[in-house]
Every structure is written in structure tokens, then in C-alpha cells.
Amino acid sequence: MHLIQVDSVQRWMEDLKLMTDCECMCILQSKPINIEKDEQNELILSSQSYTCDNLQLLLKRAWIISTELTRIAQKLDKNRWQKVHSMTVRVNCHVRSMINEYNAFTRNSSEEMQQFENLLIDKCSEFTAFTERCIQTEDEQTLKSMKSCINEMLSTVAQYFGQLIELFLTHEAQNLLKQIEMSDSIYITESAINSLFSLTQEGAHLCRIIVKEGGVVALFKICRKDCFRCLYPQTLRTLASICCVEEGMHQLEKVDGILCLAEILTDNTHSEATHAEAAAVIAQITSPQLTFTQHLSSFLENMEEIVTALVKLCQDASSGEVFLLASAALANITFFDTMACEILLQLNAMKILLEACSDKHIVDTPYSRDQVVTILANMSVLDQCASEIIQENGVQLLMEMLFERPSSGNSAEIAACERVQQKSAVTLARLSRDPEVADAAIKLSCIPRLIKLCRSPAERNNSDSVLVACLAALRRLAVMNPGGLEDSDFQQLVKPRLVDSFLLCTNMEESFV
């Protein structure tokens, strides 16, 4: 189960407290101690003092139980019977604590949930008693026959546990969505939306539960109520998270979500934050990484309005984050439908994007430059694009992007830099079919830079995709200016088949000593 990324030492300290509480309870044979009569008979974690959301505590406890069950299976494979028993006792305690904790804060617990709670508790008790018999048995043959029974019990406990967690989370999603739909209070609705967003961060499975319970419908109802305008940003942010799953996309289409997003983007009375979050939803639902976007037929009907609004948002962006969201949406749309590139040309988008790149406060990361060069690469298939690039000095920008380097060892930033280098080379290769663009690239010394990227793996961070793109661009420019290459470069990088040049460059740093 996915958990929010935190410092590993902090996480260990939190988990340690859960474990020590559990060990205390094991010693007392799961009998809680009451200090005062009106206290509930349950183990309350001291970690609640720093856990702002009971759902997060539930998810954390569930993660620990899930981890313990996995470890039991590993110890069982190694016949570590004492460990298996002690961990089974620990799971038993954690399960009881989780159920007590959940029942302490939940409302309207269903009969089905209570049945599964009892089933899980009974099965855990049976599991613990059975493993206790194992540590009292020394006969290897008997232990071998008991092992299959333990595996079966372990599977049953895991199954009941998974079903109970599913019921818990479904119940909480239902409660949150009921608050969103029924309440007229901005504060109650805001709290429910924030809790729902927190749930979406726990993975795709939770997003599917929320969709199944009507989450997309409820959130778009909020986006259609003027009285909740101040909640539009967090509502849209939650929608963007939910729409990472196919079920969310289907629901968005059914409730005319595209039309609603288009209306928000084109309404100048909304705040920039609202427009930015609407752009984030567009970026999510048009992501080329998703395989289930083609059913968004209504998107094509509203595409011109959406693209126009996104270009304006790029032009007026007051921060790098807003520009990144708007440009990411535009970049994805250029993959989604080629007509978008023609609309962008008509809107003079190339000039706007290239001007933004000269403002280091707006285009301030490799991630933003990745979006810009993606748009340029997709637009470069159009013949009219070449004159725009020349007019706006775009070849200079593409040349600069060939020098993109990460400022840290962050893997995401390194990958973004590789994409910038690759796409700038691809764009140069496509645009250099126009003699004027090729001439400008040659004058800006693109050929020496492309050669260095091909011959020096460190310059391209050993990226094969950058190498292929650079070889293609180099070959296109070499046709326009054969005298711009030394003979050795021509013989190795241009004259052979591309695959042979590729193999030559990838083997340059191999040592045969």
C-alpha cells in the first residue's frame, strides 16, 4: 500500500511506536488496561497526537499488517516457527487495534463490516493458536503437514483483511461524498474535499473506489455551483488525481466534464489558480501515457476553446508552476490530435512559448522546457512551422536545449534533461528539411554540438534515445552542408547505416583490457 513519502528515520520512529505498543499488548495477552472507567477498552496509539487524519492512521496500520503478513510467509518458507508464531501474535494484536481504532471514529458501521470484523478476529485467533501448537511440536513430519495448513490460514487471513479494508475505505469514501453532496457549508465541504484528495494519493485502487461511489459526479457538481467558487482549485486538483484511472475518465465523459472544464478555462472571472488546476485536469486526461483517452469524443468538440484558453494561460502565467501546468496540457493535446498543432499556429503560440522561455522566472526548470520542446517537436511536422521558428529565433533556443544539464542527481530531473535534448534534436531534424532552418542551425554551430553528443556518452547521460535523435539531426544537416564535418565524423556518423553508427557510438567507452 502506498504511503506518503517521508524521511526514512521519521518513518522508522513512527513505526517503532506502533510496534512497541503492539509488543506490550502481546505480553498482556491482548487485554487492555483501563485507567478510568469511562475510557474505551481499546489500545489507542500515541501516534494519534501527530496524525491529523484518522484515515491516515487506518492506512498506516493496514500497511503494517500487510507487511507483517508478507514477512510471515517468508519466515514460513524458512521453517522459522518461533518467528512465525511471534509475528502471528503481532498481527492478531494489530488487527484488533485497527478494528478498535476504526470503530472509535467511524459512523454508521454496516452489518457487513461487523461480520467481516468478527470473521477476521476469529480467524486471527485460530491462526495464532495453531502456530503456538507448531512451536510445541518437534516432529519434522508433523510440522511439514502443519505447514500447508498455516499457508491456507495465512491466505484466508489476508483475504478477510483485504475485504475488510475495502469495506472500511468504501464506507469512508461514502461518508465524505455524502458531506460534499449534502452540505451547504464551505468549511465542511472543503474539509471533505481535502480528505478525499488525501485518499486519492494512496493509489489507483482508492481512486477506483471513489469513482465507484460517485466521486467524479459529486466533484463536478461542486464545479458547477457559484457559491463554491473558492473551492474550485482543490476540487479540480482532486478530479485530476481521480482521473488517473480509466473508470474516472468514463465518468468524466458521462457528466459532460470536458464542457465544464472548457467553461472554467474560458471564464475570465475565475482566479489563475482555478485555471491552472483545470489545466492540470486537461493534462491528466490527455496524457499520452494513458491508453484509454480515445473515447473522449467531447474533447474534440471543445478543443479549440480549450487550446485558446491554455495558450492565454501560458502567456499570462505569473509563476513557473502555472506555466508548467498549462504547457503540459498543450503538449499532451498535440499528441491527442494533430489539429491542435494547426490551432496553435493560428494562435501565434510559438511566439508566446519562445518568449516565455527567455523569462527564467517562468520557464525555470527542465520540466517546463520539456513541455515547450514537446510542443515544438509536434508542431514541426507542419510546413508553416519553419518560417515561424526562423522569425522568432527558435533555432537558437533549440541549440541551447542541446546543452540541457541537470542541476542535481535527481533521477526525475535527469530524465527530463534527456527528453529535452532528445526532442530538441528531433525538432531540428524535422525542421532542417527547410534550407533556411538548416542554414541557421549550421551557423549556430549545431553540427559540432551534435557530434559531441554522439561521441561523448557523458554529454547525453548515456541515453540511447538522445543518441538516435542526434544522429538523425546530424545526417539531415550533413546533407545541407557536407563540408561541415571532418572526414572521420562523416565516415563514422553519417555514411554508414544509422544502426551501425549507433552501435559504434554506444561502444565507444567499452574497455577490452
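The chain has 25 helices and zero strands. The model is predicted. Of its 513 residues, 51% count as buried. Contacts between residues at least 6 apart in sequence were also sorted by separation: 74% of them join residues at least 24 apart.

**Helix 4 and its cover**

Helix 4 spans residues 111-135. It holds 25 residues and reaches 37 Å from its first C-alpha to its last. That is close to the 36 Å expected at 1.5 Å a residue.

Which residues of helix 4 are buried? Met113, Phe116, Glu117, Leu120, Ile121 and Lys123 are on the list. Cys124, Phe127, Thr128, Phe130, Thr131 and Cys134 complete it.

**Helix 8 against helix 9**

Two packed helices are described by the angle between their axes and the distance between the axes. Helix 8 covers residues 215-222, and helix 9 covers residues 232-242. Their axes come within 10 Å and cross at roughly 155 degrees. Angles over 145 degrees count as roughly antiparallel, so helix 8 is roughly antiparallel to helix 9. The crossing of the two helices is left-handed.

Helix 8 brings Val216, Leu219, Phe220 and Ile222 to the contact. Helix 9 brings Tyr232, Thr235, Thr238, Leu239 and Ile242. What is the class make-up of this contact? Seven residues are nonpolar, two are polar and none is charged.

Asp256 and Asn461 deserve a look at their backbone. Asp256 has a positive phi, near 55 degrees, in a residue other than glycine. Asn461 also is not a glycine, and its phi is positive at about 55 degrees. The table gives the setting of each residue.

| Residue | Phi | Loop between | Relative accessible area |
|---|---|---|---|
| Asn461 | about 55 degrees | helix 22 (446-455) and helix 23 (464-480) | 35% |

Key: Residues numbered from 1 in each chain as written. Predicted model: local features only at pLDDT ≥ 70, side-chain atom pairs only at ≥ 80, totals over all residues. Heavy atoms only, no water. Axes fitted to C-alpha atoms, helices over the stretch in contact; angles between N-to-C directions. Helix = DSSP H or I, 4+ residues; strand = E, 2+ residues; numbered from the N terminus. Parallel < 35°, antiparallel > 145°, perpendicular 65-115°, else oblique. Left-handed = near helix turned anticlockwise from the far one by under 90°. Contact = heavy atoms within 4.5 Å. Nonpolar A, V, L, I, M, F, W, Y, C, P; charged D, E, K, R; others polar. Expected span 1.5 Å × (residues − 1). Buried < 20%, exposed > 50% of the residue type's maximum accessible area, 1.4 Å probe, protein only.
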